Amino acid sequence: MRFSFLFCSLMLAASLSHAAGPVVVGSPDGAVQVSVDVDGQGRPTYAVRYRAAELLRPSRLGLQLASADLSQGLRLASADKVTAVADDYQLATDKRANCRYRANRRVVHFAGPAGAPTLSVVFQVSNDGVAFQYLIEGKSAEVQRITAEQTSFHLPADAKGWLHPHAKAQTGFANTQPSYEENYQRGIAAGTPSTIGQGWSFPALFEAGGRWVLLTEAGMGRSYCGSHLAHESPDANYTMAFPQAPERTTPDAPLLPESRLPWRSPWRVVVLGNSLAPIVESTLTTDLSAPASAPVNMDAPGKSSWSWVLMGDKNTTYDVQRRFIDYSAAMGWRYCLVDALWDTQIGYEKTAELAQYARSKNVGLLVWYNSNGSWNQAPQTPTKVLFDAESRRKEFARIKQMGVAGVKIDFFGGDGQSFMNYYQDLMTDAAQAGLLVNFHGATLPRGWNRTYPNLMTMEAVKGFEFLTFDQRNTDQEATHCATLPFTRNAVGPMDFTPMAFSEIRGKERRTSNAFELALAVLFQSGIQHYAEVPEGMAAQPAYVQEFVKKLPPRWVDVKFIDGFPGEYVVLARQAPDGKWYVAGINATDAPKEITLDPIKLGLGPGTVITDGNTNREFSTYQLPFPHYKIGLTLPARGGFVVQP
């Protein structure tokens, strides 16, 4: 009866072209409902209910332009009829290969002072969440500028958050922050001020009353900056924050949004669920992003060897990199990444030799670049060759001629509009040269891997390299890794560079080798760069080496099995041949019981690889299929995989 009444209410609302408020739009299954209105001060608001629970209390909408305030003194003028959105597309570099998006769309129009631009808000409501974007209609001869965005997310007062502190610009190594490389604050009370004073990065995960909310943004074009959540959030009311003043490519480059009209903002995205499954499995960030203008190369993703993380700058040499090419070939991996200083310690001519040698082994060579113009002080080379468009295109053409397959570009300077354009210039020019792209020291992908199919992955995470810098990072690895599938990796490919069985440059690794092996399945990246070196891999049991060799170059689907952010996680990922791999980790200090149901998961016969007698040993046994349920006991900071 309740859903029948809701359906009738939605149909009535959909028939109205002029609205006194509230305007309602619901999801195709009726579980999600958005109500849009204007408060007593003429401030546009929206609220979100999920299965009768209020997950966002009335929250602000609106923009402040340099020329007009479109956040107050407005009235609800009209609302278009509800229309259905259907989009089916393929991805090579994300959690699901065949994506299916279904939503109800409604555009709500607000009227303000005479002569001011018209503000409209486009809502798209799907079964797994709510998305909205601003549309400033009309035409303008002059460039318009947005000085502030009044969007807020007013969560229930008792909500708890898993939040990433946003860094202060021009801090960190060689002035390279912000680059989304902090540890998450876990399970903190909603409304807690940020720890660094610059707010919280997207994505932001919340739990309230057993329901889950993930906040992020998607569909980043060229006419807006990247955003995050502000430092203060009284009464669990989170507001949007724009980049800090230094976050631009040059002193006079655009920082805050500017464009001529008409003008669309990126999508503000709210993923919802009664469990963590929609959070982990949702594809909303790519659903809401522009489709690719070029064909999707489903064969581009793969695995890669990489010497730098365990061996450092000094081993970017010809002989070492040739050995890592052999390593990739022996493991059946598609790539080998040659990191910083290749231009000086190997040289262009010898790197061309390496690229040709790699191709003879059916391995593609990837090479590193410093992104910088003037925004960072990082000395690693090649540097100062990519920012200028003419120089960049010549360089890309040169390395393509050498036989290089792709580039890793590092050390970006923030989220200002000029940086959003620079990222897209790099991807566009790399695509024209036939090069794959990996961004490090960078922002979030925000759905770019759909728009630019040559974008394989982005870092935007406190990755494995940080374990080599400080014992405190190695101490937090387990809980950090058990948080990422629900946060950073839920919104796009993540170059964490996992899986090391070796010890780490004088640090004491707390995780077991089985934990590290599980990360090869738990973490998703278009190109998965492995931290382990040839000697460390050769020291593992033959069945572990075979497991890593047989891992597919990409995944085509994902299922959330069990878990809780920062404590433990179990996921299943499907290979292109239809077989499912399962992996899990226990991040706690006590043993954890894990139960698998092979029939429910659609699993066939398989092999379990898990912890042995010590945390540096493995054990293995056949999955007792088709028993109804299987129990596993994971030791503290241990893990397991199931190989079909």
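## Crossing of α8 and α9

In this predicted model, helices α8 and α9 cross with a right-handed sense. Residues 389–402 form α8 and residues 417–433 form α9; the two pack at an angle of about 40 degrees, and their axes lie 9 Å apart. On the α8 side the contact is made by Arg-392, Arg-393, Phe-396 and Lys-400. The α9 side contributes Tyr-422, Asp-425, Leu-426, Asp-429, Ala-430 and Ala-433. Sorted by class, the contact holds five nonpolar and five charged residues, with no polar ones.

Helix α9 is mostly covered, with 13 of its 17 residues buried. At 1.5 Å a residue, those 17 residues should span 24 Å, and the end C-alpha atoms are 25 Å apart, which agrees. Just after the helix, Gly-434 has a positive phi of about 80 degrees.

Phe-412 sits in the loop between β26 (406–410) and α9. Its relative accessible area is 1%, so Phe-412 counts as buried, the cut-off being under 20%.

Leaving aside residues up to four places away in sequence, Phe-412 touches Phe-419, Tyr-422, Tyr-423 and Leu-426, among others. Tyr-422 and Leu-426 also take part in the contact of α9 with α8. Other residues touched by Phe-412 include Thr-176, Ser-371, Trp-375, Phe-439 and His-440. The C-alpha atoms of Phe-412 and Asn-376 are separated by 7.7 Å, although the two residues are 36 apart along the chain.

Helix α5 covers residues 318–331, 14 residues in total. From first C-alpha to last it reaches 20 Å, close to the 20 Å expected at 1.5 Å a residue. Its buried residues are Tyr-318, Val-320, Gln-321, Phe-324, Ile-325, Tyr-327, Ser-328 and Met-331. Gly-332 follows α5 and has a positive phi, near 75 degrees.

In α15 (residues 542–550), the buried residues include Val-544, Gln-545, Phe-547 and Val-548. Viewed down the axis of α15, the buried residues fall within an arc of 155 degrees, so they line one face of the helix. An α-helix has 3.6 residues a turn, so residues three or four places apart point the same way. Ala-542 and Lys-550, on the other side of α15, are exposed.

## Leu-601 in α16

Leu-601 belongs to helix α16 (residues 598–601). With a relative accessible area of 9%, Leu-601 is buried. Beyond residues up to four places away in sequence, Leu-601 touches Lys-559, Ile-561 and Leu-596. Leu-601 and Trp-580 are 21 residues apart in sequence, and their C-alpha atoms are 8.6 Å apart.

## Backbone details

The bond from Phe-202 to Pro-203 is cis, with omega near -5 degrees, and Pro-203 lies in strand β16 (residues 200–208). The bond from Thr-381 to Pro-382 is also cis, with omega near 5 degrees; Pro-382 is in the loop between β25 (364–370) and α8.

Leu-341 has a phi of about 75 degrees and lies in the loop between β24 (335–338) and α6 (342–345). At 16% relative accessibility, Leu-341 counts as buried. Ala-460 has a positive phi near 50 degrees and is placed in the loop between β28 (455–458) and α11 (471–475). Ala-460 is buried as well, at a relative accessible area of 3%.

How values were computed. Residues are numbered from 1 along each chain as its sequence is written. This is a predicted model: local features need pLDDT of at least 70, side-chain atom pairs count only at pLDDT 80 or more; totals for chains, interfaces and linings use all residues. Side-chain values use heavy atoms; hydrogens and water are left out. Axes are lines fitted to C-alpha atoms, for helices over the stretch in contact, and angles run from 0 to 180 degrees between N-to-C directions. Helices (H or I, at least four residues) and strands (E, at least two) are DSSP runs, numbered from the N terminus. A crossing is left-handed if the near helix is turned anticlockwise from the far one by less than a right angle, and right-handed if clockwise. Contact means heavy atoms within 4.5 Å. Ala, Val, Leu, Ile, Met, Phe, Trp, Tyr, Cys and Pro count as nonpolar, Asp, Glu, Lys and Arg as charged, and the others, Gly among them, as polar. Buried means under 20% relative accessible area, exposed over 50%, partly exposed in between (1.4 Å probe, protein chains only). The arc is that of the directions from the helix axis to the C-beta atoms. The expected span of a helix is 1.5 Å times one less than its number of residues.
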